[in-house]
Amino acid sequence: MDDAVIRIEKLTKRYGKQTAVSEVSLEVPPGKIFALMGRNGAGKSSLIRMLLGLTPITSGGATVLGFDSAKQHVAIRARVGYVPEAHHMYRWMTIAEVARFTASFYPTWNEKSCADLIRKFDLDPSKRIRELSRGMVAKVALTLALAHEPRLLVLDEPTDGLDAVVRKEFLESIVSVAADEGRTVLISSHLLQDIERVADRVALMEESRIGLVEDTDTLKARFRELKITFTNGAPTAFNMPGVLSLHKEPREWLMVFEKFGPETIPQLQSSLPGAQIVTRDMTLEEIFVALVGKPAGESAADERKRA
Amino acid sequence: MSQSGYAMARPAAQGQGGRLAEPGRRSSPFRALVWKEWREQRLIWAALLALSLAAVVAVRLAPARSDLRADLWLLIPTLWGGMAAMLGANAFAGERETDTESFAGALPVSRRFRFWVKIGVIAGLLWIAQLLTAGGMPAVDWSGQSLAYDQYFRYYLYVSFTFGMLLLSLTSACVAAWSGTAMMALIQTAIFGPCLVLWTAWMGKLFFAVVQYEFSSALRARWFALFVSVGLAQGILLLCARWLWTATPRGFLRHVRRAAAAVFIFVIVSAVPSVAGYFLVTAARPALPTLWHPFNPSPAGRYALCRYGWLQGWLRDGVYILDTENSRTIQLSRFHENGLRSDGIWSPDGSKFIFYMSDDWACPPLFTHYFPRLSSGSGKLCWADAATGKIKVLRSVPSSVNKLPSSVELKYWLCCWWDDHTVAFREGHGIVFKDIHTGAERVCSDNREARAGDEFSGFIGARATGGGIWTFGYLHNGGGAFHGYRPDAAEASVVRPRWHKDLGHSSLSAISLDGRWALLYWWEDFPHGGQRSLLCSLETGETCDIDRELSSNEGEKGIRIIGGFTPDSQAILMGDSTRIGLWSLATRKFELLHTSVRGAITDERIASLSPSGKYLLTTMVRLWANNTSPAGELESVVTDVATKRSRPVWKPAQGWRESQWLGDDELLVDSVLRWKDKELEVMPLAEDYSVWVVNRDGTSKRKVLP
């Protein structure tokens, strides 16, 4: 893909002996909402921070909008709208002050766009940051990220800590921005229902590596959950390609197919005569659990704790 | 695309989503960062600036020559340093604590740019604060205390000098804050630990000193109360420090922690170079002397005892031996300089001297300064070899607060040399003659009348003084008595009859070398009050009121004693503002040696006879001269007593402070370029001091120090 907005080649990040990102290669096409999904600690934020030059790259390389992440990070940040994981703005500033302060750094700052966004998000410019709710602060962050009209919007866990209503509203804003102005959006989140709502294409990060990159629709079409009910008892032996997981009960099986197609049902009926087969579409989160085996919001530390 | 971002700073208050855009110009990243830093630092800066200005006001209001004023002078740069550390820590640690670092880091400017803007803003604020503090001085000068231009100039130089130190504090605080807890842990481990150990060791030393010395129960109780208080304070401070570093305080406590870290860093940054500098700079040869005190030359003129002070945290001073031949100096003390005296007594051959050293060095100067009652009062009588500076103890003096009441106090500073290896000193009810090499002692006990003496006010001795050494004391009943002692006589050899009916309080000033005459000062009681000079014959007990004698002669009115007996014991050096001469003991007449139409302020510092008595050194100052304009108005002349011819020997363009004879042929001159301020004695630290050896004719001179 020659016109990729982001191109990553074997990018690696180590903190001491711990590897946060391991030889990740990825391309983000223009005009799409690209989602990085994965558990907490999978390396999503480290990957984004390397792309923007906020943390040094251990090895490998990446370009963003044609600029080298290792050497031209100031130029990258001037052209990218970035909403970090936590919106730690100067709490003593008013919205107007933080907007003016931020505007000083962006030659492409659009005053009208900023005012429109503030109006659209129903923000009071005279209010100080410390007086705002988390949702409002997230909106301010999005305003600041969009007001300089970036070609690429990078959102690192932008909805973390927001309630459901605000999350929905925030994501709708992102979709509208991307759709209206044809921007590329890179969003990372462990909240897969959010990603499912907006993402055109997803990448799954697991244990510092990219496990899967696919269009959301294709991915959802490929995965299917089947409920198979046996009237005369389940067979003792069964083998069929494309089965990702199989949960057996005495009279009922739950099966996840990762390569579901039109021929899958006839094949099953011939293999399991007399069985009643019901199919169900899977959510992104269910696909994630089926692939990884754990919920997306659970970190490795949580896993150890649970053990 | 609009460029009117400026309008965002002044949003129109038209309710939510009101009009935002107004014409304006967007600022640069530099200006935006400067504005942000200013907004974040201004409260702390203003508070510390107010504190500094308050200190300036306090300095101006404090009495001109008080210790408090000197302390406050030191407080101001300390506040500057604290300001540097606090601003630095607030700028960096504050950004990390609130995690606004992630927000600022995402802006399209380099981290290095943001760092230098921070440093620049803080440095600028510090500079402004220093100039405002310095410039604030005339504004508070309403109290009527004058302030000369020179002092301002020096003050600004001082600002320039200390600014580097402030930047060092600032940088250290920033680095520590920037690198977070790892750096703090390192600093605590590497520096705070040894500091604590040193402090504990120092307290332990004091503790054992208190146990060892026989203090009174009351004094010991005070000391132990101090130990308990300091121990508790240390414990509380450690607990607070531990809590501040391990807990995660919010709100105000977060600022307290940050301030504590800043102050801690500042103390470390200030203390470590100071301590290192103290040992590195002053361990061997002293640094450039700054404040020379009167010299005490040896009889042969080879050596001189001198004392100088330097500013290092607070004013310190030390006693040094100066070798006038090769300019070598030997520091006699490092820590207990307060107890040393530069008025040691030289042996007849000029190779060694005795002196009294107080043991109050056991107390840190700050303790004894603020808690004078903690002073022990004990000390040691010592002698030192002038060539090596090695000190040996002759007598350890027990604490004066622990001994039983006595009519005769132990006065070990009443001491002298009997010969080149025997020292005589008063101890209890007698005089001890002690050989400094063998340690052999011989005691001459006082007789009954001497023991009844109220106070021995003088102690002068030499082999020439009639073959013995002499003490003088005044008695309860108003009389006075001289006592002569020899090491070969077991009992006091001479007790003079009462020689004055209503003597009052008197003190012995000098005894002629032939042992025939004594010069005393005594104070008449009210209403006649005033100091009078008495000449006393040790042979007959006859007394002569010199002042009355002089005033009876119209031509000698105003003449007063400005020196002791001449070496031939025939006259006393006297003079007034324009005349210097000898007052004959035989004829009771004044014989003029030198006069000056320009006038001379005569005292013992500027008019003295050479050791042989053949030459007279006089230094003259114009009558209208004063401390504010002495430079260039001085002239030192040497007069041949026999021919009464005078010739100038020292016409210092750079000033003068003191001259002493080094034998008959050379003079030791302490030169100082005085600055035009009446507060010379308070802050003379940056003056141009130098010490010279000048020959008697004034034809050659060589610089000895620095």
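## Turns, helices and confidence

Strand 12 and strand 13 of chain B make a hairpin with 5 residues between them, and in the turn G439(B) has a positive phi of about 85 degrees. Keep in mind that this is a predicted model.

Q: Over how many bridges do strand 12 and strand 13 of chain B pair, and in which sense?
A: One pair to look at is V432(B), whose bridge partner in strand 13 is V443(B). Strand 13 covers residues 441–445 of chain B. The two strands run antiparallel, and the bridge count is 5.

Q: In strand 12 of chain B, which residue is the bridge partner of A424(B)?
A: Strand 11 (residues 422–426) of chain B is joined to strand 12 (residues 430–435) by 5 bridges, in the antiparallel sense. Within strand 12, the partner of A424(B) is F433(B).

Q: Is D122(A) buried or exposed?
A: D122(A) also belongs to a loop, the one between helix 4 (111–120) and helix 5 of chain A. Here too phi is positive in a residue other than glycine, near 60 degrees. The cut-off for exposed is 12 or fewer neighbours, and because D122(A) has 10 other C-beta atoms within 10 Å, it is exposed.

Q: Which residues is R91(A) in contact with, leaving aside its neighbours within four places in sequence?
A: R91(A) lies in the loop between strand 6 (80–83) and helix 3 (95–103) of chain A. It counts as partly exposed because it has 14 C-beta neighbours inside 10 Å. Its C-alpha is 8.2 Å from that of E131(A), 40 residues away along the chain. The contacts are R128(A), I129(A) and R130(A).

Q: What share of the contacts in chain A between residues at least 6 apart in sequence joins residues at least 24 apart?
A: Chain A holds 11 helices and 14 strands, and buried residues make up 42% of its 307 residues. Of the contacts between residues at least 6 apart in sequence, the share joining residues at least 24 apart is 69%.

Q: What pLDDT does chain B average?
A: In chain B, 46% of the residues score at least 70. Over residues 334–339 pLDDT stays under 50, though the model has 17 contacts there beyond four places in sequence. Residues 491–495 are also below 50, with 21 contacts beyond near neighbours in sequence. The average for chain B is 65.

Q: What ipTM does the model score?
A: Two scores come with the model as a whole. The pTM is 0.51, and the ipTM is 0.84.

Technical notes. Residues numbered from 1 in each chain as written. Chains lettered and ligands numbered in written order. Predicted model: local features only at pLDDT ≥ 70, side-chain atom pairs only at ≥ 80, totals over all residues. Helix = DSSP H or I, 4+ residues; strand = E, 2+ residues; numbered from the N terminus. Buried ≥ 20, exposed ≤ 12 C-beta atoms within 10 Å, placed from the backbone. Contact = placed C-beta atoms within 7 Å. Pairing = 2+ DSSP bridges. pLDDT = per-residue confidence, 0-100.
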